[in-house]
Amino acid sequence: MQRTSQKVSMAVIRRLPKYYRYLENLLNKEIYRISSKELSRIMGFTASQIRQDLNCFGGFGQQGYGYNVEELYKEIGKILGLVREYKSIIIGAGNLGQAIANYSDFQRKGFKLDAMFDINPKLIGLKIRDVEIFDLDNLEDYIRENNIEVGIICVPFSKAQETADRLVEGGVKGIWNFAPFDIKVPDNIVIENVHLSESLFTLSYLLNEYNNVEN
């Protein structure tokens, strides 16, 4: 299905991964057809919202039939760019970096982890799921020589911007930043800042509201 020419809002884009995840779950349960009303019930979006979101990328459903789950799953995968492979590296081989390296679903979705980098000499040369940890001194050369597209930052706050600058200098196209710091990059670099604490604080707020109601 062809994407429409209109500019898609970031709010819609951020909902697409949730559609993709729920559709994958439906396929795993061997459910191959679903209406917007049924999808609304399991996802928590209104049926109208679902139709509006999907219409940003063309028409998918058929009146009286609903959505072909497998077709919609594949099309959203294409929209998300999951039909190609992205050569990636992790900077910071501590607990968080190792946890991400051990999460096999990233590689299954096309983010191929090529290498990890760290400054700790005790870690250099070790492997996480067959991915070797290299000395951070070799970062820029490795990116250029291996055509790395994505850098994943798992370093402390104080090293985040410096690490991002080195990734940009090396030639990456995108950065996935887990450091608790909104790094600055040139306009031609795609950046996604992930703040785990913000999600945790949201949970804290909701628990606090629930406790207030209970009391």
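**Helix contacts, sheet order and loop residues**

Trainee: Which residues does Ile50 touch, not counting residues up to four places away in sequence?

Mentor: Contact means heavy atoms within 4.5 Å. With residues up to four places away in sequence left out, the residues touched by Ile50 are Tyr19, Ser36, Leu39, Ser40, Phe45 and Tyr67.

Trainee: What kind of model is this?

Mentor: Residues are numbered from 1 along each chain as its sequence is written, and side-chain values use heavy atoms, with hydrogens and water left out. Local features need pLDDT of at least 70, side-chain atom pairs count only at pLDDT 80 or more, and totals for chains, interfaces and linings use all residues, since the model is predicted.

Trainee: Is Ile50 buried or exposed?

Mentor: Ile50 is found in helix H3; helices (H or I, at least four residues) and strands (E, at least two) are DSSP runs, numbered from the N terminus. Buried means under 20% relative accessible area, exposed over 50%, and partly exposed in between (1.4 Å probe, protein chains only). With a relative accessible area of 0%, Ile50 is therefore buried.

Trainee: How are H2 and H3 oriented to each other?

Mentor: Helix H2 (residues 36–43) packs on helix H3 (residues 47–55) at about 105°, with the axes 8 Å apart. Axes are lines fitted to C-alpha atoms, for helices over the stretch in contact, and angles run from 0 to 180 degrees between N-to-C directions. Under 35 degrees counts as roughly parallel, over 145 as roughly antiparallel, 65 to 115 as roughly perpendicular and the rest as oblique. H2 and H3 are therefore roughly perpendicular.

Trainee: How do the residues of the contact of H2 with H3 divide?

Mentor: From H2, Ser36, Lys37, Leu39 and Ser40 meet Ala47, Ile50 and Arg51 of H3. Ala, Val, Leu, Ile, Met, Phe, Trp, Tyr, Cys and Pro count as nonpolar, Asp, Glu, Lys and Arg as charged, and the others, Gly among them, as polar. The contact of H2 with H3 divides into 3 nonpolar, 2 polar and 2 charged residues.

Trainee: Which strands stand at the edges of the open sheet?

Mentor: The open sheet has 7 strands in the order E5-E6-E4-E3-E7-E8-E9, with mixed pairing; two strands pair if DSSP finds at least two bridges between them. Each edge strand has a single partner, so one side of each is left without a neighbour in the sheet. These edge strands are E5 (127–128) and E9 (190–193).

Trainee: Which helix packs on the sheet and touches E3, E7 and E8?

Mentor: The strands touched are E3 (86–91), E7 (150–153) and E8 (174–177). The direction of this helix makes about 170° with that of E7. The helix, spanning residues 160–170, is H8.

Trainee: In which sense do strands E4 and E6 pair?

Mentor: Phe117 stands opposite Phe134 in E6. Strand E4 (residues 111–118) and strand E6 (residues 131–135) pair over 3 bridges, and the sense is parallel.

Trainee: What is the phi of Glu30?

Mentor: Most residues other than glycine have a negative phi. Glu30 lies in the loop between helix H1 (10–28) and strand E1 (33–34), and is exposed at 60% relative accessibility. Although Glu30 is not a glycine, its phi is positive, at about 60°.

Trainee: How many disulfides are there?

Mentor: Cys56 is buried at 11% relative accessible area, and Cys154 is buried at 12%. A disulfide is a pair of cysteine sulfur atoms within 2.5 Å. By this rule the count of disulfides is 0.
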